[in-house]
Amino acid sequence: MKNIIIFPPLSHPAYPYLSSPLLVGQLRNADFDAETYDYNLEYFNTIFTKEYVKNVIYELNNFINYPKDDLNIKKIMQLKEQKIKAYLDKNHKQLYLIEKYIEQATEIIRSEEFYNPKAFINAYRIIKYAMELFSVHSYPMEISLGDYHNDFYNLNWNDIKFQTSCNEVNPFIKFYEDTIDNILSKKPKFIGISVTFDRQIVPAFTLAKILKQRTSAHITMGGNLIGRIEKTIKKYPEILKDYADSIMCGDGERSIVSLVQAIKNRTSFENVKGLIYTGKDNLIHYNDIEIIKDVNSISNLDLSGIKLNKYLTPEITLPFQLSKGCYWGKCTFCDYFHGRPAYYRKTAQRVVDEICEIINKFGIKTFEFVDEAIPPKYYEEIADELIRRKVDIKYYSMVRLEKGFTKELFEKLYKSGLRMLDWGFESASERIMKMMNKGIDVSGRYQILENSAKAGIWNHLFIMFGFPTETKSELEQTIRFLENRKDIVDSFTSSVFALRKYSKINQNLEKFKIKDKIETQDCSIEYSFTDDCKTIRNKEDVLKIFDENFLKEDVLSSIYFYLIENYLLLYLLKYGRENVKKIKINS
C-alpha cells in the first residue's frame, strides 16, 4: 500500500520543509511504504526553465480576452489585458534577459558561484524579473519567491472555492493537471496534504480538488494552518465531499499512522485522534485532538528519496525541531500557543543522536532549529552534548532576550556551531514591550546583544511596527536604535502588527484600544480592525522615518539584505561575521 505526503506551493524552494519528511518518518518507522512529494519544489523547478519562460512570453504576446459571462472575471481580464500591454511595452530587454539566463541563474544559486556576491546578485535579479513576468501571466495572483498576493480574492471559503475551479484566476490548476500523473502513476491508497502556511491555502485546496476527481485514494488535509482554521472547516461540510476524505487537526505524528493503519485494514476511524471525517452513518465525526507530550517518542524525520540537489541552494540548511510549544507562551500579540497548553522538549542526547543520523545518512551539516524559542539552560545542554561528541555542524535559531544568555554561554554556543540568532527584539520602547508582555529585562537586552556579537554570532532582530497604541515617537525610538547600534544589530526584519484570532490581545480589545474588529476572511488567522490611536501601520510611512542614508548605504547596499536566513548562514560560514557586514553590492 503506497502512501504519499505532499507539501504544496508556495514557500521558498531553498530547503525541504519539516512536516513532510517528519510524517513520512513516522509511517516508515511503522513499516508502511511512504514517500514525500515536494510539489513546492516541483513548481519552482518547472517555472525556472527556459521552455516555461518562452511559453509564458508567447502567451502574453498572443493574449486574447474572450468574452466572459461572469462580470467579475470580465473586469479582471480587462485589467489583465491592460497590465500585459503595459508590461510588454516596457520590458523588452528584461524579457530577453529572463529567457536567456533563467536556467543559468538557478544553477548559480545551486553552485559554488552562489558565494560570489556579484554572481549571486545577478542571479537574484534574473529570478526577481522572472517572478514579475509570472505575476503578469497569472494575474490577479501576483507571485513572488515563495508567496503570493491577490487584490480580488480573500482568504474566505467562498473565494477559495471559486478559485479552485477557475482557470482564469488560478495558475495552479493547469500546473497540477500537467504534472499530477507523476503522483497518480504510483497508485497511492493514501495521500496526505500538509498545509503549514496561509499562502498555501489556494494551491492546497486546488490540489485536493483535482486529486479527489482523479483518484480513489483517501485524501487527508492537515498541518499547522489547517488546525488553526478548524472552526471554518467545520462550517463547510462540502470540504469533506469535494476536497478531502478527512481533515486532521492537532499533532499528527501518531494520528497519521493510526489513520493509514485503519485505511489498510478497512476499520473505523473512531480512534484516530484529531480526525474530522464522514462516518458510515453519513454524519460528520469530530475526534478529540492529540497533544504529544513525549516528544522523544516521535520517530526521526526521513529524507530518503528527496532530491536534495534540486533545491535552490548550494547546501541544504535543514529545518530541525527540538521541542513543541513555547516555554514562555505569554506574548500578547502571539497565537503560537493555540492548541498547545504546555512546552515539551527532546532530551539533548536524543537531539544529537538524530542530528548524527542525518549527517551520516544525508551528509547535511547545516541546520535551522525551528523552535519558537530555546531556553538558555536547554540550549546549553544541546551545546554541551554537541561539543562532548565532537559533532561538526553549524546552525541558527530563534531565541528570546533572556538574561540566562551570558557571555560564557555564547562562547560555548559558538564553539558548538551556532553562528546566527534570530532575536524577538520587537521594540525599543519599554512601554510597548510591557504591553507585549515579553517577560524580559528590557534594559538588559543590549548587553546580551553585545555579548553575542563579541562571541562572533550574527544578531538578526525581528522588529514589530504598529503595535496597538504605539506612538510615532516610540516608533522613531526603535528606528534610531537600529541606525545607531550597528555594532550589535547585524540585520533586521520588520513586520507590521496583525491582530491574530487566537492572540491574547483578541481577548482584551479594550485594553489595547482596538475597535471595529471584523472577520472578513474566515480562512485567515487574522482580523481586520481599527483603533482610536494614530499608530503607523503603513510600511511606506514607516520607511519615511528611517534615515535615507542608512537605508541606502547600510541596508540596501549590503549583501545580507538580499539573503534569506538560510543563505545568510552559508555566507557567514564562508566569510565570517565581520566580512559579511563589509560586502556591498552595486545598485
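User: How many residues does helix H10 (residues 201–214) have, and what does it reach from its first C-alpha to its last?

Analyst: Helix H10 has 14 residues and reaches 20 Å, close to the 20 Å expected at 1.5 Å a residue. The expected span is 1.5 Å times one less than the number of residues; helices (H or I, at least four residues) and strands (E, at least two) are DSSP runs numbered from the N terminus. The model is predicted, with local features needing pLDDT of at least 70 and side-chain atom pairs 80 or more, while totals for chains, interfaces and linings use all residues. Residues are numbered from 1 along each chain as its sequence is written, and side-chain values use heavy atoms, without hydrogens and water.

User: Why is H10 described as largely enclosed?

Analyst: Buried means under 20% relative accessible area (1.4 Å probe, protein chains only). In H10, 11 of the 14 residues are buried, so the rest of the structure largely encloses the helix. Among them are Phe 205, Lys 209 and Leu 211.

User: What lines the second largest pocket?

Analyst: A pocket is an open set of points on a 1 Å grid with protein on both sides within 12 Å along at least five of seven lines; lining residues have an atom within 4 Å of a point. This pocket holds about 750 Å³, the space filled by probe spheres set on the points. Its lining has 31 residues, with Glu 59, His 137, Asn 167, Pro 171 and Lys 174 nearest the centre. Helix H3 gives the most, five residues.

Note on methods. Buried means under 20% relative accessible area, exposed over 50%, partly exposed in between (1.4 Å probe, protein chains only). On a 1 Å grid over the protein atoms alone, a cavity is a set of points where a 1.4 Å probe fits but cannot get out, and a pocket is an open set with protein on both sides within 12 Å along at least five of seven lines; lining residues have an atom within 4 Å of a point.
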